[in-house]
Amino acid sequence: MTTPANNLVYERPEAFTETPTHYCPGCTHGVAHRLVAEVLEEMNITDKTIGVAPVGCAVFAYNYFDVDFVEAPHGRAPAMATGVKRVLPDRVVFTYQGDGDLASIGMGEIVHAAARGENLTVIFINNANFGMTGGQMAPTTLPGMKTSSSQNGRDVETQGYPIKVSEMLSTLEGVGYCVRRSLHDPKNIRLAKKAIRTAFETQVRGLGFSMVELLSTCPTNWGMTPVNSLKFVEEHMIPAYPLGDYKISDAIKQIKI
Amino acid sequence: MQKEIIIAGFGGQGVLFGGQVLAYAAMDTGKDVTWIPSYGPEMRGGTANCTVVIADHEIGSPLVKNPPLAIALNLPSFDKYESLLAAGGTLIVNQSMVDRSAQRNDIHVIMVPCNEIAEEIGDKKLMNMVAMGALLSALPEVSVKDVEKALEGHLPARHKHLLPKNYEALKRGFEHAQKEWDKVPA
Amino acid sequence: MPKELWKGNEAIAEAAVRAGLEAYFGYPITPQTEVLEYLSRRMPELGRAFVQAESELGAVNMVYGAACTGVRVMSSSSSPGVSLMMEGLSYIAGTEVPAVLVNVMRGGPGLGNIAPAQSDYNQAVHGGGHGDYPRIVLAPASVQEAIDLTVLSFDLAEKYRMITMLILDGAIGQMMEPAEMPEMKPVHRQDFDWATNATMGKRERRLLTSIYLNPLDEEQTNLRLLNRWKEVQANEVRYKEYFIDDAEIVIVGFGTAGRVALSAVRTAREQGIKVGLLRPITVSPFPTERLSQLTGQARAFLVTEMNMGQMLDDVQLTVRGRVPVEFYGRPGGVVPFPDEILNEIKRINSAPTAGHTDARDAWLTRMTAQV
């Protein structure tokens, strides 16, 4: 007979609080949160981590991580994180931002934090829309995709094309680690976790700016079931936003996890 | 006691530094002083000016509309400050850069060939110090010695070797102005 | 320390360093750029944080982040840049963290010009950022005062967990005056019980945010801020008086407009006019009590500003019609000369107004007639 402890296959990471998340059923924010929490725990850096929450669905990220948190104005998390990290360089500082926050209103802040090579880790959730305000078009919305503010589908003639953030930031010298992963199935979730781990390892080693872009679902605003949302990521998001390693500096390639 | 001095000329003529040296000299002799430049794009290649106020009390306005004392290192400054100078005031004019004589007769206009004197000393950049020497002939509150000390105390170390020539420029300017004053009918 | 000739902007930068400034984030804009330039050299040589941000938005949010860790942090800018910073200012106020911001004001609105102005009094004192929040605003009139108030601003910001702004016009930023620097103060990180500097395994986690989704919680926050403001009003009012003892006409002016008025007051006194000057040093909190007392002594007030009459409203609110209030302003980046204010003093002295006409309207009529 086995003890209950031996039966344990799943538990709350210590870097999580006991607060239940407010995310919609089927949303992958919870998965992304858990991966970050597991990495903090595995690296034993929870105590010295300071998170920077965005404006968007993840505005309440600070309720779920058992670390110090500050809450940034919309899009300004990389600037705020810069302020924290520059005065506390021995702490681990990460931002957690959606695509409206990071790629729309906060494009200036993210590009320059990356260009300066700020020793920060950015978890970038790309779900192709503004989730919190009710599913409006984001810079990452796919061509033709219907949102509450592109009701006939995103018309690239008038609304332009999606921004590929990882590709763009990977051109900057200050970036040490910049990859895109997806959260649509277990295999990709495992790869995403490894990338998040590498991103934090990049930071603790002082190897420059690190970002993991995570293709995510938004079943509520996409008007799909959770399962169909995962299929949408696989069939439509990944072709538009290819998964891959956009920049891994030589020093980071040496990191063994 | 309060005296206001405006120093004006082209950017690059040492207008702002000249004013600072005067301000240092005033400060070092225990007076209150303000130095304020014209700033911004107008500094780039155009005319520059600074206002120095010296007083033995807390200075109010750092700017003055009708100064009793001014240095005009070029023609536009001569045009401007000849008309603005307070009646009875003294205007030091860099004769090397103007092609006319004074029009007002209720002010003292002291013409000094600053460029030529500076070139005789061996450095045309000293033209501002020649004018400064001339100004001191009308500013008894600050002596040539005070300005020499200010130069010694505040000139960057890499320029210290230029001190003797600066002293010479001050002296020559002062002496030239003295001669001009002697011509003024009592 | 002996007096040195300091330029206003550089003096503020050095004073901040000596007060223990640990981080500076800024962006170039005339006429405050010397603060940024000076600190770009000074901060790294002391091993302290300096970042030239991508914009004023970036700068103020870097300030916000650093402020959350409890270190002494500041930024500086000029009018258009400060407008961009208003977002961050509101968040900093709502999060109740200390921060210092210097506004070397210029003529506006819009791009305006780079000449000295006091056009942002209302933005600094009465609002700017969104939401209900008080803030401390100091208005130096000389380089020495700029130094002293820079040092004070950090103490006040920390004491009251509040934004402290220095507003000065370009003239004070650009001018040089003899001034004495304070001794270099070693950086002393205070162990604030609110700072988010990571738990390091020694305490419960902390959260700093300006979000209060429940309106009742936000209301409590607003009231807490107001109660703290009451303390500021009770303890931190500062002003300077000149020739006030027997003054029948009292000029109220801050910053450069105040010191230009001082020149006019001196000349008027020489001519036998009993005029004095009240120069607010804290424009927020405003020296309401003292001004109110002076209504029992003065037969007229003259407000002088380098704007269209912004502090004028605060003076009128305090005087409440008990004594006529007159106004003389030069907006747009124009610095008044003493003789302009002297003429106003003489006009008021020889023909006191009944106080029926709105002070700003009357001034506008006179200004329009001149042009």
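## Basis

Two residues are in contact when their C-beta atoms, placed from the backbone, lie within 7 Å. The model is predicted: local features need pLDDT of at least 70, side-chain atom pairs count only at pLDDT 80 or more, and totals for chains, interfaces and linings use all residues. Residues are numbered from 1 along each chain as its sequence is written, and chains are lettered from A and ligands numbered from 1 in the order in which they are written.

## Side of chain C that touches chain A

Chain C places 35 residues in contact with 28 residues of chain A. At least two residues each come from strand S2 (23–26), strand S3 (49–52), helix H3 (56–68), helix H4 (79–95) and strand S9 (207–208) of chain C. Helices (H or I, at least four residues) and strands (E, at least two) are DSSP runs, numbered from the N terminus. H3(C) gives the most, nine residues.

By residue class, this side of chain C has 18 nonpolar, 12 polar and five charged residues. Ala, Val, Leu, Ile, Met, Phe, Trp, Tyr, Cys and Pro count as nonpolar, Asp, Glu, Lys and Arg as charged, and the others, Gly among them, as polar.

## Strand pairing between chains

S9(C) runs parallel to strand S2 (residues 68–71) of chain A, joined to that strand by two bridges; strands pair if DSSP finds at least two bridges between them. Leu207(C) in S9(C) is the bridge partner of Phe69(A).

## Domains of chain C

Chain C is assigned domain 1 (4–235) and domain 2 (240–370), with bounds from an automatic or database domain assignment. Their centres, taken over C-alpha atoms, are 29 Å apart. In domain 1 of chain C, 26 residues are in contact with 22 residues of domain 2 of chain C.
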